Amino acid sequence: MKVENVFREANESIAAKARELRMEPPIPFLCECSDKRCFARIPLTIDEYEEARAGPQRYLTTSGHQVDGAQVIAEDDRFALAEKR
């Protein structure tokens, strides 16, 4: 399994637990870049996370980080959204 998919699955677990516990934002999600040594955190609300997850091939990363085989489709000062085609 590619490292970005491992981080993506971890973020799904984080989101599920945050919903269950009704955690107050920001929730610390993991960067889903292809660097297995990256442990960057991306603070988001659950709504922001769900919007980022709207596409099945989208990956949430820290700005400037890359996902192998993906293009950045949106970016701001907090995070970037990459999508595999």
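Glutamate 9 is partly exposed, with a relative accessible area of 47% (buried means under 20% relative accessible area, exposed over 50%, and partly exposed in between, for a 1.4 Å probe and protein chains only). This residue belongs to helix 1. Glutamate 9 and glutamate 32 lie 23 residues apart along the chain, and their C-alpha atoms are separated by 9.4 Å. The model is predicted: local features need pLDDT of at least 70, side-chain atom pairs count only at pLDDT 80 or more, and totals for chains, interfaces and linings use all residues. Residues are numbered from 1 along each chain as its sequence is written, and side-chain values use heavy atoms, with hydrogens and water left out.

The protein chain contains two helices and five strands. Their order from the N terminus is α-β-β-α-β-β-β. Helices (H or I, at least four residues) and strands (E, at least two) are DSSP runs, numbered from the N terminus. The radius of gyration of the protein chain is 12 Å, which agrees with the value near 12 Å for a compact globule of 85 residues. This radius is taken over C-alpha atoms, and the globule rule is 2.2 Å times the number of residues to the power 0.38. Along the principal axes, the C-alpha atoms fill a box of roughly 35 × 25 × 20 Å.

Of the 85 residues, 38% count as buried. The protein chain exposes about 5300 Å², and carbon and sulfur atoms supply 51% of this area. Accessible areas come from the Shrake-Rupley method with a 1.4 Å probe; for residues, only the protein chains shown count as cover. Contacts (heavy atoms within 4.5 Å) were also examined along the sequence. Among those between residues at least 6 apart in sequence, 44% join residues at least 24 apart.

The cysteines were considered next. A disulfide is a covalent bond between the sulfur atoms of two cysteines. The criterion here is a pair of cysteine sulfur atoms within 2.5 Å. Zero disulfides are found in a search of the whole structure. For cysteine 31, the closest cysteine sulfur is that of cysteine 33, at 3.7 Å, too far for a bond. For cysteine 33, the closest is in turn that of cysteine 31. Cysteine 31 is buried, at 1% relative accessible area. Cysteine 33 is buried as well, at 2%.

Tyrosine 59 sits in strand 3 (residues 58-61). This tyrosine is buried, with a relative accessible area of 4%. Its C-alpha lies 7.5 Å from that of cysteine 33, across 26 residues of sequence. Beyond neighbours within four places in sequence, tyrosine 59 contacts Glu4, Asn5, Arg8, Glu32, Arg53, Val67, Ala80, Leu81, Ala82 and Lys84.

The backbone shows two local features in the loop between helix 1 and strand 1. Most residues other than glycine have a negative phi, and most peptide bonds are trans. Arginine 22 has a positive phi of about 50° although it is not a glycine. Arginine 22 is placed in the loop between helix 1 and strand 1. This arginine counts as exposed, at 72% relative accessibility. The peptide bond from proline 25 to proline 26 is cis, with omega near 5°. Proline 26 also falls in the loop between helix 1 (3-21) and strand 1 (27-30).

Glutamate 75 lies in strand 4 (residues 70-75). Its C-alpha is separated by 9.2 Å from that of glycine 64, eleven residues away along the chain. Not counting residues up to four places away in sequence, glutamate 75 touches Ser63, Gly64 and Ala80. Arginine 85 is in the segment after strand 5 (80-84). This arginine is exposed, with a relative accessible area of 74%. Arginine 85 and glycine 69 are 16 residues apart in sequence, with 7.9 Å between their C-alpha atoms. Residues up to four places away in sequence aside, arginine 85 touches Gly69, Gln71 and Ile73.
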